[in-house]
Amino acid sequence: MNELSRGVRIGVDVGQVRVGVSRSDPHGVLATPLVTLARDLGAAPDAVPADIAALKALVAEHEAVQVVVGLPVNLAGKHGPAAIQVKAYADRLADVIAPVPVALTDERMSTVVASRRLAERGVRGKRQRAVVDQAAAVEILQSWLETQRRRTR
């Protein structure tokens with residue numbers, strides 16, 4: 001089996017209001033929080049929204065070899081309205097950052113897990129809301145990295 005190719009991956013948690021972003025180390029072992037971006041919902045249809053432009057800049061800055069976007073599949077494993085919106089976001093992102101590939105991964109419960117882990121560390125209220133999107137992006141990317149490693153063994 002071949003191993004996970006070397007390079008930084010960017011993890012993305014797309015929310016209604018914010019986008020949480022994480023990154024991996026070049027070896028694909030550990031995901032760490034990077035930034036939270038405000039969604040640019042007012043961009044003209046033919047313009048690149050500011051949050052997608054910021055993601056493009058982060059991909060370039062970190063020389064990312066791939067972007068992993070969390071797909072909010074519902075508990076029954078179906079794609080509801082949120083998943084359809086995230087898929088459209090990922091498609092738009094893929095167009096902007098090509099040829100860097102964008103992968104979608106099941107992110108069921110990532111925000112719940114991230115919130116719980118932050119609360120366990122004593123991060124609550126406004127402080128938690130400020131970083132929960134980044135923490136969810138870490139959960140998404142870390143889970144994806146571990147799945148890839150299991151596949152290459």
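1. **The model.** Keep in mind that this is a predicted model. Every value below was computed from it.

2. **The sheet.** Start with the strand order. It reads E3-E2-E1-E4-E5. The sheet is open, has 5 strands and shows mixed pairing. At its edges lie strand E3 (31–38) and E5, and each of these pairs on one side only. On average, neighbouring strands of the sheet are turned by 25 degrees against each other, direction ignored.

3. **E4 beside E5.** How do strand E4 (residues 66–71) and E5 run? They run parallel, joined by 5 bridges. Gly-70 has Thr-105 as its bridge partner in E5. Leu-71 stands opposite Asp-106 in E5.

4. **The two faces of E5.** In a regular strand, side chains alternate between the two faces of the sheet. Now look at strand E5 (residues 102–106). Its covered face holds Ala-103 and Thr-105. Its uncovered face holds Val-102, Leu-104 and Asp-106.

5. Which strands does helix H1 (residues 50–61) touch? H1 packs on the sheet and touches E1, strand E2 (18–24), E3 and E4. The direction of H1 makes about 150 degrees with that of E3. H2 packs on the sheet too, touching E1, E2, E4 and E5. The direction of H2 makes about 170 degrees with that of E4.

6. **Arg-9: location.** Arg-9 sits in strand E1 (residues 9–14). Is Arg-9 buried or exposed? Its relative accessibility is 3%. Buried means under 20%, so Arg-9 counts as buried.

7. **Arg-9: surroundings.** The side chain of Arg-9 reaches the backbone oxygen of Ser-5 at 2.7 Å. Leave aside the neighbours within four places in sequence, and Arg-9 still has several contacts. Among them are Leu-4, Ser-22, Arg-23 and Ser-24. Val-65, Gln-66 and Val-68 are also in contact with Arg-9, as are Leu-141 and Trp-144.

Note on methods: Residues are numbered from 1 along each chain as its sequence is written. This is a predicted model: local features need pLDDT of at least 70, side-chain atom pairs count only at pLDDT 80 or more; totals for chains, interfaces and linings use all residues. Side-chain values use heavy atoms; hydrogens and water are left out. Helices (H or I, at least four residues) and strands (E, at least two) are DSSP runs, numbered from the N terminus. Buried means under 20% relative accessible area, exposed over 50%, partly exposed in between (1.4 Å probe, protein chains only). Contact means heavy atoms within 4.5 Å. A polar contact is a pair of N or O atoms within 3.5 Å; within protein, one must be able to donate a hydrogen and the other to accept it, and residues adjacent in sequence count only if both atoms are side-chain atoms. Two strands pair if DSSP finds at least two bridges between them. Axes are lines fitted to C-alpha atoms, for helices over the stretch in contact, and angles run from 0 to 180 degrees between N-to-C directions.
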